[in-house]
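Please keep the structure open beside the text while reading.

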Amino acid sequence: MSSDWTPIALSRDVPDGVTRAVCLEGSELVIWRGAGEAHVWEDRCPHRGMRLSLGFVRDGALNCLYHGWQYGASSSCVRIPAHPDLTVPPTIKANAYPTCEAGGLIWVGKEGAGALPALPATTTPVLSLAVATDGIEAQGLMRDLDGGRLHVFWHRVRPGKVMLHGVIEGSADVSRVAALMRQIRTQYEEGVAA
Amino acid sequence: MPKLYDYVLSGSCYKVRLMTALLGVTYETQAIDFYPGREHKSPAMLALNPLGQLPVFEDYGLVLRDAQAILCHLANRHDPAGTWLPRDQRFGQVMMWLGFAGGELMAVSAARMVSMLGYPGDLEALRAKGRMAMRVIEDHLSDRQLAGGIWAVGDTPTIADIALFPYVMLSHDAGIGHEDYPAINLWQRQVRRLPGFVGMPGIPDYF
Amino acid sequence: MSLTTDQAALDQWYVLGAVSHFPFGTPVETGLLGEPVTVTRRDDGVTVIGAGRSLPVRTTYNHVWTSFGTPARDIFALPEATEPDRRWLYCGGVRVAASGLRLIENFLDLAHFPYVHTDILGSEEKPEVAKYEVEQRRDVDEIWATKCEFFQPKAAAASDGGQISQYMYRVVSPFNVMLYKTPPTAPNRWDVIALFVQPVDETHSIAHPFMLVIDPTSTDAEIIAFQQMIFLQDKIVLENQRPALLPLQPGRETPTRADLSSVLYRRWLKEKALTFGTEPRTDGVAAGA
């Protein structure tokens, strides 16, 4: 499986107008969605370093909570409220990362990342679940279910902690699969996972 | 007019300020110098609440303590439609979450007092308890969302949501971020969208 | 954690709290510049022990001040402290997980009022920061920002409507700052609101807000509640700035004209070669160069 791309959230958990803070290998990222499109940026406003995940989405743009600096989908700053008449220089930009959505997941890519791994065409999201462990055996771990299959993706938050992202291919009772994912969490946290 | 003995930084007082705002109940407040003045331990305040805690709420000649009890009172006396404290099978579940909000979740409050105001206490132990409480809420809310819901109990907001919201949101003051809690992230936005919603310091107005 | 070797940081006066907040006879453990310190208040005065020795102590403006080094100047002059009708209010120490320098810089900032202190110190309808003046007063070694104006829906505890507030800011040392602001009840005088920052270590600080105000109507609890509300609204910003240390290297952050006071403050810190609480530079420029 290509390591150019890392799944960091379920698409369902970042609907339009929402910001979400994610930590990946110790780096802080913000995911936000405006006008239908998901974006993954460094969680830091270039002005004063404020985490943009505490900001707010308005008119398809992300606004920093500290001073209301507004960033469009291209990650360029388009408005500085303290200077309403200023045309903002294009050099003022948030740090955006390659982003894509597939298989019900939001993925962040390395610069120049290749193709995404093959994924089920249609999926049903289950849960993202924080687990106190260093990692699980495979990206895309599968568990067969009655009528479907659970795919468990994950990203490492920092040493000792991962976030699992579960999606179902086919059909299954999501509430039972959610319970299964929490059993997996318990197994890893108690060190008894196979 | 009802009267709230209030401390601006208290998440428990905020439960009362938020519920009164959502119900449109007008009331007067008396600011209590909880920190640094410890006015909640003054003879005048101990006469109102021998436990020496805030909030204290006066209404209909009653002197009430305990944020959860005050939420029940507000719903009982000021919400004739009964949506905030439903009397059907949801009642027991609402009570269960009220108990949790005044019980396990208060570890977040205790961790916040240590971390922010320098109160004595084992910060790491309190944080660990706070994270366990946050996980219980996250698991519950993610199940609710998988079932097509959003609120803690049933299809409408109840005092259970109002009791849980303050210390879930103030957990960052205790050093507990929300990165682990996607379901909480979606739920808290719905709470903030309720008509009449008011915030408090540490819960920004924009989201 | 151990005492910093940054001489510019050592040679300053620091507040450890209001004198009245220390109990008689019971030693209180706290921290300063990476080193534990113990404050003891007795009938005959206050002692501070740190790094295995007795440190110099002042109780100027009813606060406990100390230093590990040899400050070049005495504690700053505050003429308003002699005015009889002023109320002295000690708002209590609040711990913040951030560099103390970040706290000072935020205190100097007008542009965040509409977003962080919404409908109190600012309004989103009027976010513009008008031009103001900054200067470094070399005779007293202070930074001043003057002719600051901002529309404020509720400027103080005693406000009953919006006003255009006039502000002056005064940085008296790297970790101590105050503002002068027109009170709602006495438009031709200045309220004094100070922020004394106790840098416990490079990324943990205790903020000690102190007010010398003209307000004949509000209770102490109301004035303290107002100030704590404002400061706790800032705390969520301060703890979420990255890095937690203040960057002095050009290009790490993006100042605009509204940030003139911050630009001068950072230049002044560089001139002092102060590094405690600043982000290590990667451009090969040494502190003070």
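How many residues does the contact take from chain B and from chain A? The model is a predicted one, and in it chain B contributes 16 residues to this contact while chain A contributes 28 residues. The points below take up that interface, then the interface of chain A with chain C, and finally a sheet in chain A.

**Chain B with chain A**

- The size of an interface is often given as the accessible area lost when the parts come together. For chain B and chain A the buried area is about 1,800 Å², and carbon and sulfur atoms give 50% of it.
- Six salt bridges are found across the interface of chain B and chain A, and one of them joins D180(B) to K161(A), whose closest N and O atoms lie 2.8 Å apart.
- Between chain B and chain A there are ten residue pairs in polar contact, counted where both residues have pLDDT 80 or more.
- On the side of chain B that touches chain A, α6 (123-146) and α8 (182-192) of chain B each supply at least two residues, and α6(B) gives the most, with five residues.
- By class, that side of chain B divides into seven nonpolar, three polar and six charged residues.

**Chain A with chain C**

- This contact takes 23 residues from chain A and 28 residues from chain C, and the area buried between them is about 2,200 Å², with 50% coming from carbon and sulfur atoms.
- Within chain A, the residues that lose the most area to chain C are R48(A), Y66(A) and H83(A), which together account for 31% of what that side buries.
- The count between chain A and chain C is six salt bridges, including the one between E124(C) and R58(A), where the closest N and O atoms are 2.7 Å apart.
- Polar contacts across the interface of chain A and chain C number 19 residue pairs, both residues being at pLDDT 80 or more.
- The side of chain A that touches chain C is made up of twelve nonpolar, five polar and six charged residues.

**A sheet in chain A**

- Three strands of chain A form an open sheet in the order β1-β11-β10, with antiparallel pairing.
- Because β1 (5-10) and β10 (99-102) of chain A stand at the edges with a single partner strand each, one side of each is left without a neighbour in the sheet.
- From one strand to the next, the twist averages 35°.
- β1(A) pairs with β11 (residues 105-109) of chain A in the antiparallel sense over five bridges, and A9(A) stands opposite I106(A) in β11(A).

Technical notes: Residues numbered from 1 in each chain as written. Chains lettered and ligands numbered in written order. Predicted model: local features only at pLDDT ≥ 70, side-chain atom pairs only at ≥ 80, totals over all residues. Heavy atoms only, no water. Contact = heavy atoms within 4.5 Å. Buried area = accessible area lost by both parts, 1.4 Å probe. Salt bridge = Lys/Arg side-chain N within 4 Å of Asp/Glu carboxyl O. Polar contact = N/O pair within 3.5 Å; in protein donor to acceptor, adjacent residues only side chain to side chain. Helix = DSSP H or I, 4+ residues; strand = E, 2+ residues; numbered from the N terminus. Nonpolar A, V, L, I, M, F, W, Y, C, P; charged D, E, K, R; others polar. Pairing = 2+ DSSP bridges. Axes fitted to C-alpha atoms, helices over the stretch in contact; angles between N-to-C directions.
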